[in-house]
Amino acid sequence: MSDGKEITLLAEMTFAAPVDETVVGALKLLMTAVRQEPGCVEYAAHTHASDPRRVIFYERWQDQKALDVHGAAPALTAFRATVGHQLAGDSKLSFWQRLG
């Protein structure tokens, strides 16, 4: 994934309880900050239509380097510190490359 192609990442988190105002607030802060990061093409969080514990991030990055920098970004670190203890387990990550 380091050939300079745009990368799409789907990152799914499941919380131990339904997403509350604290989590929603942290998600909004995260999205605002991450959208300003170099190489971020698109970054959006969504809640599952029928399971309010699940959140999925749809992320598009210019390249692997930008995604790597994002992984250590202050906004992501702050988000993890704020809500990480509320997660039911590890996030599920899947990486995709755009066709055409």
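A salt bridge is a side-chain nitrogen of Lys or Arg within 4 Å of a carboxyl oxygen of Asp or Glu. The exercises below apply this rule and others to a predicted model.

**Exercise 1. Determine whether Glu12 and Arg54 form a salt bridge, and state which parts of the chain they join.**

Step 1. The cut-off between nitrogen and oxygen is 4 Å. For the side chains of Glu12 and Arg54 the N to O distance is 2.7 Å, and the pair is a salt bridge.

Step 2. Glu12 belongs to strand E1 and Arg54 to strand E3, so this bridge ties together parts that lie 42 residues apart in sequence.

Step 3. Buried means under 20% relative accessible area, exposed over 50%, and partly exposed in between. Glu12, at 18%, is therefore buried. Arg54 has 27% and is therefore partly exposed.

**Exercise 2. Identify the residues that are linked with Arg60 in a network of salt bridges.**

Step 1. One partner of Arg60 is Glu6, with 2.9 Å from N to O. Arg60 is in strand E3 while Glu6 is in the segment before E1, so the bridge connects parts 54 residues apart in sequence.

Step 2. Arg60 also forms a salt bridge with Glu42, where the closest N and O atoms are 3.1 Å apart. This pair links distant parts of the chain as well, since Glu42 lies in strand E2 (residues 40–47) and Arg60 in strand E3, 18 residues apart.

Step 3. Taken together, Glu6, Glu42 and Arg60 are linked in a network.

Step 4. The accessibility of each member can now be classified. Arg60 is buried, with a relative accessible area of 14%. Glu6 is partly exposed at 22%, and Glu42 is partly exposed at 33%.

Step 5. The count of salt bridges by this rule is four; among them are Glu12 with Arg54, Arg60 with Glu6, and Glu42 with Arg60.

**Exercise 3. Describe the lining of the largest pocket, stating which element gives the most residues and how the residues divide by type.**

Step 1. The largest pocket has a volume of about 300 Å³, and 21 residues line it. Those nearest its centre are Ala11, Glu59, Leu76, Arg80 and Leu93.

Step 2. At least two lining residues come from each of the following elements: strand E1 (7–14), strand E3 (54–61), helix H2 (64–71), helix H3 (74–83) and strand E4 (92–97).

Step 3. Helix H2 gives the most, with five residues.

Step 4. By type, the lining consists of 13 nonpolar, five polar and three charged residues.

**Exercise 4. State the order of helices and strands along the chain, and decide how compact the chain is for its length.**

Step 1. The chain contains three helices and four strands. Along the sequence they follow the pattern β-α-β-β-α-α-β.

Step 2. The radius of gyration is 13 Å, close to the 13 Å that the globule rule gives for 100 residues, so the chain is as compact as a globular protein of that length.

Step 3. Along the principal axes, the C-alpha atoms fill a box of roughly 40 × 25 × 20 Å.

Step 4. Of the 100 residues, 33% count as buried.

Step 5. Consider the contacts in the chain with a separation of 6 or more: residues 24 or more positions apart account for 70% of them.

Conventions: Residues are numbered from 1 along each chain as its sequence is written. This is a predicted model: local features need pLDDT of at least 70, side-chain atom pairs count only at pLDDT 80 or more; totals for chains, interfaces and linings use all residues. Side-chain values use heavy atoms; hydrogens and water are left out. On a 1 Å grid over the protein atoms alone, a cavity is a set of points where a 1.4 Å probe fits but cannot get out, and a pocket is an open set with protein on both sides within 12 Å along at least five of seven lines; lining residues have an atom within 4 Å of a point. Grid points are joined across faces, edges and corners, and a volume is the space filled by probe spheres set on the points. Ala, Val, Leu, Ile, Met, Phe, Trp, Tyr, Cys and Pro count as nonpolar, Asp, Glu, Lys and Arg as charged, and the others, Gly among them, as polar. Buried means under 20% relative accessible area, exposed over 50%, partly exposed in between (1.4 Å probe, protein chains only). The radius of gyration is taken over C-alpha atoms; the globule rule is 2.2 Å times the number of residues to the power 0.38. Contact means heavy atoms within 4.5 Å.
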